[in-house]
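Here is a friendly briefing to read alongside the model. Keep the viewer open and follow the residues as they come up.

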Amino acid sequence: MSVSGIQGQLLEVTVVGCTKLKDTEWVSRQDPYVCVEYGSNNCRTRTCTDGGKNPTFQEKFMFTLIEGLREISVGVWNSNTLSFDDFIGNGKIQLHKVLSQGFDDTTWPLQTKTGRYAGEVKLIMHYANANKAATGYAPSAPPCVYPDPGVSQYYLPPPAQGTPRAQPPTTYPAPYPYPSCLPAPYPYPSYSPSSAFPQSAYPPPQPAPYPPAPYPACSACPPPPYPPPPQASPYYPPEGTAL
């Protein structure tokens, strides 16, 4: 990724702190500070009193970038009051990542003058004009394309040598007419709209006259008395006959 065209642009550098520093004090705790150098610009953090091996700074600096210069020099010192400051270690900070991606929060190693391990320093760098590319993101899904309904989606084997390949149909054939399994509906008799039911073959009943006719008169003959009178018995002689 190209990082050209940085001349005169601003780079923000925040010195977060140091860890596992080489201890230059025998009795008390050391008081470290950090010097940051880029080109002819030198910046120094405050002294972290009694910071010991793990001082914290959280100080921000702004540097004007120089075309062709892709690293920053960092040095860590122990502040002394009555003598010269003690050198703890230094290191080189590479700018390729921050110039290409716009952000870098790497922890960088430090070494002594003899090249031994002297601890680590953490920087957070921001570059607002980075040429960011979408390399860290998953590619977007391709657009959804629906198949043409007139083109067959099945695989067709290649035709034989010299045989023209059949073109896929452009339209679907008409659907096959399925035979009807149901019998024809029974023809029900139709009725005239004026009658909801068929006409009856019997004449309609005639209405009864009102008031009804009186009952017939009683017979002129009186009914026989009850019980009936005694009759002459053939087994007994009639009255007045001597035995």
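The notes below go from the overall fold to the core, the strand pairing, the rings, the backbone and the cysteines.

This is a predicted model, so local features need pLDDT of at least 70 and side-chain atom pairs count only at pLDDT 80 or more, while totals for chains, interfaces and linings use all residues. Residues are numbered from 1 along each chain as its sequence is written, and side-chain values use heavy atoms, with hydrogens and water left out. The protein chain holds 1 helix and 9 strands; helices (H or I, at least four residues) and strands (E, at least two) are DSSP runs, numbered from the N terminus.

**Overall fold**

- Read from the N terminus, the elements of the protein chain follow the order β-β-β-β-β-β-α-β-β-β.
- Of the 243 residues in the protein chain, 24% are buried; here buried means under 20% relative accessible area, exposed over 50%, and partly exposed in between (1.4 Å probe, protein chains only).
- Among contacts between residues at least 6 apart in sequence, 59% join residues at least 24 apart, where contact means heavy atoms within 4.5 Å.

**Nonpolar core**

- The largest nonpolar core has 31 residues; such a core is a set of buried Ala, Val, Leu, Ile, Met, Phe, Trp, Tyr and Cys residues joined through side-chain atoms within 4.5 Å.
- Leu-11, Val-34, Leu-65, Ile-72, Leu-95, Met-125 and Tyr-127 have the most contacts inside this core.
- At least two core residues come from each of β1 (10-19), β2 (32-38), β4 (56-64), β5 (71-78), β6 (86-94), α1 (96-101), β8 (107-111) and β9 (117-126).
- Leaving aside residues up to four places away in sequence, Val-34 touches Val-15, Cys-18, Cys-43, Arg-44, Thr-45, Phe-57, Val-74, Gly-75 and Val-76.

**Strand β5 and its partners**

- Because 6 of its 8 residues are buried, β5 is largely enclosed by the rest of the structure.
- β2 and β5 run antiparallel and are joined by 6 bridges; two strands pair if DSSP finds at least two bridges between them.
- Within that pairing, Cys-35 has Gly-75 in β5 as its bridge partner.
- β5 also pairs with β6 in the antiparallel sense, over 8 bridges, and Ser-73 has Lys-92 in β6 as its bridge partner.

**Rings and a charge**

- There are 2 aromatic pairs, counted when rings of Phe, Tyr and Trp (its six-membered ring) have centres within 6.5 Å; planes under 30 degrees apart are stacked, over 60 edge-to-face and the rest tilted.
- Tyr-38 and Phe-63 form an edge-to-face pair, 6.3 Å centre to centre with 65 degrees between the planes.
- Tyr-38 is in strand β2 and Phe-63 in strand β4, so this pair ties together parts that are 25 residues apart in sequence.
- Tyr-38 is buried at 1% relative accessibility, and Phe-63 is buried at 1%.
- Trp-77 and Phe-87 are also edge-to-face, 5.1 Å centre to centre with 70 degrees between the planes.
- With Trp-77 in strand β5 and Phe-87 in strand β6, that pair ties together parts that are 10 residues apart in sequence; Trp-77 is partly exposed, at 28% relative accessible area.
- The charged end of Arg-44 sits over the ring of Tyr-33, 3.6 Å from its centre; the rule asks for NZ of Lys or CZ of Arg within 6 Å of the ring centre and within 35 degrees of the ring normal.

**Backbone and a buried loop residue**

- Most residues other than glycine have a negative phi.
- Lys-20 has a positive phi of about 55 degrees although it is not a glycine; Lys-20 is in the loop between β1 and β2 and is exposed at 57% relative accessibility.
- Gln-58 also has a positive phi of about 55 degrees; Gln-58 is in strand β4 and is exposed, at 52% relative accessible area.
- Thr-112, in the loop between β8 and β9, is buried at 12% relative accessible area.
- Thr-112 touches Lys-22, Phe-87, Ile-88, Tyr-117 and Ala-118, not counting residues up to four places away in sequence.

**Cysteines**

- The structure holds 0 disulfides, a disulfide being a pair of cysteine sulfur atoms within 2.5 Å.
- For Cys-18, the nearest cysteine sulfur is that of Cys-48, 9.1 Å away; Cys-18 is buried at 3% relative accessibility.
- For Cys-43, the nearest cysteine sulfur is that of Cys-35, 9.4 Å away.
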